[in-house]
Amino acid sequence: MDEINSSNKYIQELVASKNKSDSLNIVLTNNLTRSLSHDEMQDVDVKVLKGVVYISLSDNMLYKSGSYEISDKAGLTLSKIAKIISDHKDYDILVEGNTDNVPISKPNIRNNWDLSALRASSVVQSLQNNYNVDPIRLTAGGRGEYNPVTNNDTPEAKTKNRRTEIIITPKLNQFMDLINKDAAVDSSGKL
């Protein structure tokens, strides 16, 4: 009976944790979409997938073609995203740059891997330096052309693939706490 009660308590804790995470993601997503103007929403896509909030920013809003320097018009949008991020300190932020499959030909950028990583780094540095997001929460990564959302057969498809994603995730230590708790339960032989 003790094992069943222990199992039920553990399941209830997992369900409560999942429900809390889902609720926070919905609040975060709603706050973000309400803060963005209709024009901004043309270049920003916000969705929740697998318990994680994805904010996809089009490259034509953030950068000039072939560049990793953030444009002036991106500042207002990034400030709104930074405000939401700062209001939800229990989340870590991964910024991923993505490109289409057209090779880049710039002397200071070797390939699409470089461009995507430089773009992600530019957004991370902007969030830190211009909007005071704690750098401990930020990670920048480049995916190059290897994470397309669609094929690269048309100019419209290539435009969709050129994006920077801000991925808002629960802090890893929260996951580790659950894993460690699960490992402790397994080693005791009880659920």
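1. Let's start with a term: two residues are in contact, or touch, when they have heavy atoms within 4.5 Å. Keep in mind that you're looking at a predicted model, in which local features need pLDDT of at least 70 and side-chain atom pairs count only at pLDDT 80 or more, while totals for chains, interfaces and linings use all residues. Residues are numbered from 1 along each chain as its sequence is written, and side-chain values use heavy atoms, with hydrogens and water left out.

2. Now try the term out on Arg 163. Leaving aside residues up to four places away in sequence, Arg 163 touches Ser 56, Leu 57, Asp 59, Glu 96, Gly 97, Asn 98, Asn 147, Pro 148 and Val 149. Arg 163 is found in strand 5, and its relative accessibility of 4% makes it buried (buried is under 20% relative accessible area, exposed over 50%, partly exposed in between, with a 1.4 Å probe and protein chains only). The side chain of Arg 163 also reaches the backbone oxygen of Asn 161 at 2.9 Å. That's a polar contact (a pair of N or O atoms within 3.5 Å; within protein, one must be able to donate a hydrogen and the other to accept it, and residues adjacent in sequence count only if both atoms are side-chain atoms).

3. Step back and look at the whole chain. The protein has 7 helices and 5 strands (helices are DSSP runs of H or I with at least four residues, strands are runs of E with at least two, and both are numbered from the N terminus). From the N terminus on, the elements go α-α-β-β-α-α-β-α-β-α-β-α. Of the 191 residues, 38% count as buried. If you take the contacts with a separation of 6 or more, 70% of them come from residues 24 or more positions apart.

4. Next, the sheet. In what order do the 5 strands of the open sheet stand? The order is 1-2-5-3-4, and the pairing is mixed (two strands pair if DSSP finds at least two bridges between them). Strand 1 (44-49) and strand 4 (138-142) are at the edges with a single partner strand each, so one side of each has no neighbour in the sheet. From one strand to the next, the twist averages 20°.

5. Follow the strand pairs one by one. Strand 1 and strand 2 are antiparallel, with 6 bridges, and Leu 49 has Val 52 of strand 2 as its bridge partner. Their hairpin has 2 residues between the strands, and Lys 50 takes a positive phi near 55° there. Strand 2 is joined to strand 5 by 6 bridges, again antiparallel; here Ser 56 is partnered by Glu 165 in strand 5. Strand 3 (residues 91-98) and strand 4 run parallel and share 5 bridges, with Val 95 partnered by Ala 140 in strand 4.

6. Is strand 2 largely enclosed or left open by the rest of the structure? Strand 2 (residues 52-58) is largely enclosed, because 6 of its 7 residues are buried.

7. On to the helices. Helix 5 (residues 112-129) lies across strand 3, strand 4 and strand 5 (163-170), and runs at about 160° to strand 4 (axes are lines fitted to C-alpha atoms, for helices over the stretch in contact, and angles run from 0 to 180 degrees between N-to-C directions). Helix 4 (residues 74-87) packs with helix 5 at an angle of about 65°, with the axes 10 Å apart. The two are therefore roughly perpendicular (that label covers 65 to 115 degrees; under 35 is roughly parallel, over 145 roughly antiparallel and the rest oblique). Where they meet, Leu 78, Ala 82 and Ile 85 in helix 4 face Val 123, Ser 126 and Leu 127 in helix 5.

8. Two residues of helix 4 are worth a click. Ala 82 lies in helix 4 and is buried at 2% relative accessibility. Beyond four places in sequence, Ala 82 touches Leu 127, Tyr 131 and Val 133. The C-alpha atoms of Ala 82 and Val 133 are separated by 6.7 Å, though the two residues are 51 apart along the chain. Thr 77 is also in helix 4 and buried, at 3%; its contacts, counted with the same exclusion, are Leu 36, Glu 40, Val 44, Leu 57 and Met 61.

9. Finish with a loop. Thr 154 is in the loop between strand 4 and helix 6 (155-161) and is partly exposed, at 33% relative accessible area. A polar atom of the Thr 154 side chain lies 3.0 Å from the backbone nitrogen of Ala 157.
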